[in-house]
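Visitor: Could you take me through how the helices and strands of this model are arranged?

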Amino acid sequence: MKPVAVFRHTPTEGPGYFATYLDTHRIPWRLIAVDAGETVPADPRAFSGLVFMGGPMSVNDDLPWIAPALQLIRDAVTADVPVLGHCLGSQLMSKALGGAVTRNRVKEIGWGEVRIPDHPAARQWFGDVPAFVAFHWHGETFSLPSGAERMLTNGNCDNQAFALGKHLGMQCHIEMTPQLIASWCDNGAREIAESDSPAVQSAAEIENAIGRHLPALHHVANTVYGRWVRGLSE
């Protein structure tokens with residue numbers, strides 16, 4: 001099998017639990033460290049799937065790798081190579097497919113429930129549970145591309161996930177590990193301190209809730225990633 005390409009846009013936002021899932025199921029993958037100057041590949045067919053992780057930048061920023069990443073996503077959808085986006089990754093997917101990325105009505109940082117709409121496609125991706133507690137760290141949001149279905153929502157952000165066939169973009173994070181959470185809380189301490197959003201939790205609140213929420217989040221991740229890898233190209 002060709003490897004899954006995992007795009008990292010900043011050193012602190014690597015694949016986390018997604019890499020654990022791939023390794024556990026012996027699915028080959030290759031990290032493409034955009035943050036270290038690696039070039040965005042031109043042909044999605046060199047990979048069995050494309051996965052875009054998070055990052056503090058906006059897809060609307062004038063960065064040299066954004067336009068090639070958007071084109072790669074469009075080409076992947078045309079070539080039927082599955083795409084998966086986490087946070088910034090979902091915003092890249094939305095913009096590439098004709099959606100818009102704008103400021104969300106509140107900044108959202110920490111643990112928070114997301115609801116799963118009662119329709120067959122959402123149940124295929126997330127199982128039969130009506131809701132789960134996800135991890136959040138974002139100030140922007142995406143609109144749904146043409147033909148996409150909303151997969152997750154909550155009171156802070158209407159569009160928490162969308163699916164378009166075998167492609168899935170998630171504004172929230174399911175890839176978290178204790179190490180990622182600790183790193184983000186450390187690196188984002190100033191952002192947390194300076195925010196007046198009611199949807200931003202303190203680092204202590206976030207880290208104290210790891211044991212309560214992370215095992216269930218990994219269960220959700222197993223369901224989502226299991227659904228996604230079934231679409232991988234040979």
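Visitor: At about what angle does helix α2 run to β3?

Guide: The model is predicted, so local features need pLDDT of at least 70 and side-chain atom pairs count only at pLDDT 80 or more, while totals for chains, interfaces and linings use all residues. Residues are numbered from 1 along each chain as its sequence is written, and side-chain values use heavy atoms, with hydrogens and water left out. Helix α2 (residues 66-79) lies across β1, β3, β4 (83-86) and β9 (167-170); helices (H or I, at least four residues) and strands (E, at least two) are DSSP runs numbered from the N terminus. With axes fitted to C-alpha atoms, for helices over the stretch in contact, and angles running from 0 to 180 degrees between N-to-C directions, α2 runs to β3 at about 145 degrees.

Visitor: In what order do the 7 strands of the open sheet stand?

Guide: The pairing in this sheet is mixed, where two strands pair if DSSP finds at least two bridges between them. β2 (29-33) and β7 (149-152) each have a single partner strand, so one side of each is left without a neighbour in the sheet. Neighbouring strands are turned by 20 degrees against each other on average, direction ignored. The order is β2-β1-β3-β4-β9-β8-β7.

Visitor: Which residue in β3 is the bridge partner of Val-6?

Guide: Strand β1 (residues 4-8) pairs with strand β3 (residues 49-52) in the parallel sense, over 4 bridges. The bridge partner of Val-6 in β3 is Val-51.

Visitor: Are α2 and α3 roughly parallel or roughly perpendicular to each other?

Guide: Helix α3 (residues 88-96) packs on α2 at an angle of about 70 degrees, with the axes 9 Å apart. Ile-66, Leu-70, Ile-73 and Arg-74 in α2 meet Leu-92, Met-93, Lys-95 and Ala-96 in α3, contact meaning heavy atoms within 4.5 Å. Angles under 35 degrees count as roughly parallel, over 145 as roughly antiparallel, 65 to 115 as roughly perpendicular and the rest as oblique. The two helices, α2 and α3, are therefore roughly perpendicular.

Visitor: How do α1 and α8 lie to each other, oblique or roughly parallel?

Guide: Helix α1 (residues 17-24) and helix α8 (residues 210-229) have axes 10 Å apart and pack at about 60 degrees. Among the residues in contact, Tyr-17 and Phe-18 belong to α1 and His-218 and Trp-228 to α8. At that angle α1 and α8 are therefore oblique.
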